[in-house]
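Please read it alongside the sequence and the coordinates.

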Amino acid sequence: MAGKTRIGLYPGTFDPVTLGHLDIIKRAVKLVDHLVIGVATNSSKKPLFTLQERKEMLEREAQPLTKGRATIEVRAFDMLLVKFAESVGAAMIIRGLRAVSDFEYEFQMVAMNQRLNTEIETVFLMADPRHQAIASRLVKEIALLGGDVSAFTTPAIAEALVQRCKEQK
């Protein structure tokens with residue numbers, strides 16, 4: 001193991017990035033030498049921010065979280081998660097869990113990913129209790145309805161979200 005770089009992949013749509021996402025990133029860099037944050041295109045979701053905007057937001061917000069523990073790279077992807085993990089050399093996929101309902105979905109995904117590649121492990125990090133209720137979908141909904149999202153994301157992301165919601169009206 002000496003000299004081998006442990007690469008982890010934290011995938012998601014991150015539309016927008018929340019304090020829950022940032023908490024998982026801050027904890028994930030303790031487990032790996034290099035963390036790839038994979039920003040997914042997801043045709044079943046209608047993102048408020050473009051792929052490039054989400055990627056830039058994560059690059060800006062995630063870098064200060066490393067504290068010299070690991071390097072971070074943010075990459076967009078539009079392929080099967082296991083294939084993307086293979087392409088970046090990830091030995092583990094990192095997923096955040098908020099509730100039992102998350103676990104049921106993630107459990108199915110792990111089973112499928114394991115069938116596709118037995119060498120890539122999935123590691124679950126439980127959401128910090130302060131962030132368990134935060135879901136990007138709900139944060140967007142609050143912002144679209146004119147609510148205050150400052151408790152759920154960083155000031156820069158909250159500002160961008162409010163601005164984008166104004167543009168949507």
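The points below are grouped by topic.

This is a predicted model, in which local features need pLDDT of at least 70, side-chain atom pairs count only at pLDDT 80 or more, and totals for chains, interfaces and linings use all residues. Residues are numbered from 1 along each chain as its sequence is written, and side-chain values use heavy atoms, leaving out hydrogens and water.

**Helix H1**
- Of the 10 residues in H1 (residues 19-28), 7 are buried, where buried means under 20% relative accessible area, exposed over 50% and partly exposed in between (1.4 Å probe, protein chains only).
- The buried residues of H1 include His21, Leu22 and Asp23.
- Helices are DSSP runs of H or I with at least four residues, and strands are runs of E with at least two, numbered from the N terminus.

**Salt bridges**
- The structure holds 10 salt bridges, each a side-chain nitrogen of Lys or Arg within 4 Å of a carboxyl oxygen of Asp or Glu.
- Lys55 pairs with Glu59, with the closest N and O atoms 2.8 Å apart; both residues lie in helix H2, 4 residues apart.
- Lys55 is buried at 18% relative accessibility, whereas Glu59 is partly exposed at 30%.
- Arg95 and Glu106 form a salt bridge with closest N and O atoms 2.6 Å apart.
- That pair links strand S4 (residues 92-97), which holds Arg95, to helix H4 (residues 100-116), which holds Glu106.
- Both Arg95 and Glu106 are buried.

**Loop between H2 and S3**
- Lys67 lies in this loop and is exposed at 66% relative accessibility.
- Thr66 is found in the loop as well, but is buried at 11%.
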